[in-house]
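I opened this notebook to record what I looked up in the model, entry by entry. I begin with the fold and go on to the cores, the helix pairs and the loops.

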Amino acid sequence: EHGLLNRILLIYDHCKLQLSEKKDCNIELLGKSAGIIRTFVEDYHEKQEEDYLFPRFEKAGKLTNLVSTLRIQHNAGRNITEQIMQITKSAKLNETNAQKLIQLLSDFNRMYRPHEAREDTILFPAFRKIVSKHEYDSLGEEFENNEHKKFGEDGFEIMVSKVEVIEKSLGIYDLSLFTPNNHIM
């Protein structure tokens, strides 16, 4: 799921660069990307963390400062996403809103790159230590069931294909575009 988030962070980087260079930015696609962040990342993925993982850490008295910061960042991310969605609903983007979008995209990416890195390298590995194997496996099944209820049997794959369509429309789908030419041997 963090891989999906990372792909949207790349879309945000691309759109931020387009806006910064005063090039055309497809704000409709940017709005669709924010919509995926809202529905899949915030309303599903983060909600799972807040409902199932964070309380277990708090109850165990483990990583409570990290959990507190992650909660604060989830709320900040929701606020940023809401602002991005509001601005991208405009038919035409004025200079003030373009500058605001640049700042919002920067703030979102600057927060979420270390956020997900801490979850992947500290929080998630520690989670296995505070719950039994049985509880861990049961939660995995419950998460999968929750995903299917919310998005259907192939919910994750559907979200990935939506991101892929946006990447292709923006011309950033081809992975080789990210390879620096001066380092190829």
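**Entry on the fold.** I take helices (H or I, at least four residues) and strands (E, at least two) as DSSP runs, numbered from the N terminus. Read along the sequence, the protein chain then gives me the pattern α-α-α-α-α-α, with six helices and zero strands. I note that this is a predicted model, in which local features need pLDDT of at least 70 and side-chain atom pairs count only at pLDDT 80 or more, while totals for chains, interfaces and linings use all residues. Residues are numbered from 1 along each chain as its sequence is written, and side-chain values use heavy atoms, with hydrogens and water left out.

**Entry on overall dimensions and burial.** I find that the C-alpha trace of the protein chain spans about 50 × 40 × 35 Å along its principal axes. I call a residue buried under 20% relative accessible area, exposed over 50% and partly exposed in between (1.4 Å probe, protein chains only); 42% of the 185 residues of the protein chain count as buried. With contact meaning heavy atoms within 4.5 Å, I see that residues 24 or more positions apart account for 78% of the contacts with a separation of 6 or more.

**Entry on the cores.** Which residues touch the most other members of the largest nonpolar core? Here a nonpolar core is a set of buried Ala, Val, Leu, Ile, Met, Phe, Trp, Tyr and Cys residues joined through side-chain atoms within 4.5 Å. Among the 37 residues of the largest one, they are Tyr12, Ile36, Ile84 and Phe108. Helices H1 (2-20), H2 (27-60), H3 (64-88), H4 (95-130) and H6 (155-170) each supply at least two residues of this core, and the largest share, nine residues, comes from H2. I also noted a second, separate core of twelve residues, which includes Phe54, Phe57, Ala126 and Leu139. Looking at Phe108 beyond its neighbours within four places in sequence, I find it in contact with Leu5, Leu9, Tyr12, Ile37, Glu42, Gly77, Ile80 and Thr81.

**Entry on H2 with H3.** Using axes as lines fitted to C-alpha atoms, for helices over the stretch in contact, and angles from 0 to 180 degrees between N-to-C directions, I find that the axes of H2 and H3 come within 9 Å and cross at roughly 160°. H2 and H3 are therefore roughly antiparallel, a term for angles over 145 degrees. H2 passes H3 in a left-handed crossing, the near helix being turned anticlockwise from the far one by less than a right angle, whereas clockwise would be right-handed.

**Entry on H2 with H5.** The axes of H2 and H5 (residues 133-151) come within 12 Å and cross at roughly 155°, so H2 and H5 are also roughly antiparallel to each other. The crossing of H2 and H5 is right-handed. Among the residues making the contact I list Phe40, Tyr44 and Tyr52 of H2, and Leu139, Phe143 and Phe151 of H5.

**Entry on two loop residues.** Most residues other than glycine have a negative phi, and I therefore checked the exceptions. Lys22, in the loop between H1 and H2, has a positive phi of about 55° although it is not a glycine; Lys22 is exposed, with a relative accessible area of 59%. Leu63, in the loop between H2 and H3, has a positive phi of about 50° and is not a glycine either. Is Leu63 exposed or partly exposed? Leu63 is partly exposed, with a relative accessible area of 31%.

Definitions and conventions. Parallel < 35°, antiparallel > 145°, perpendicular 65-115°, else oblique.
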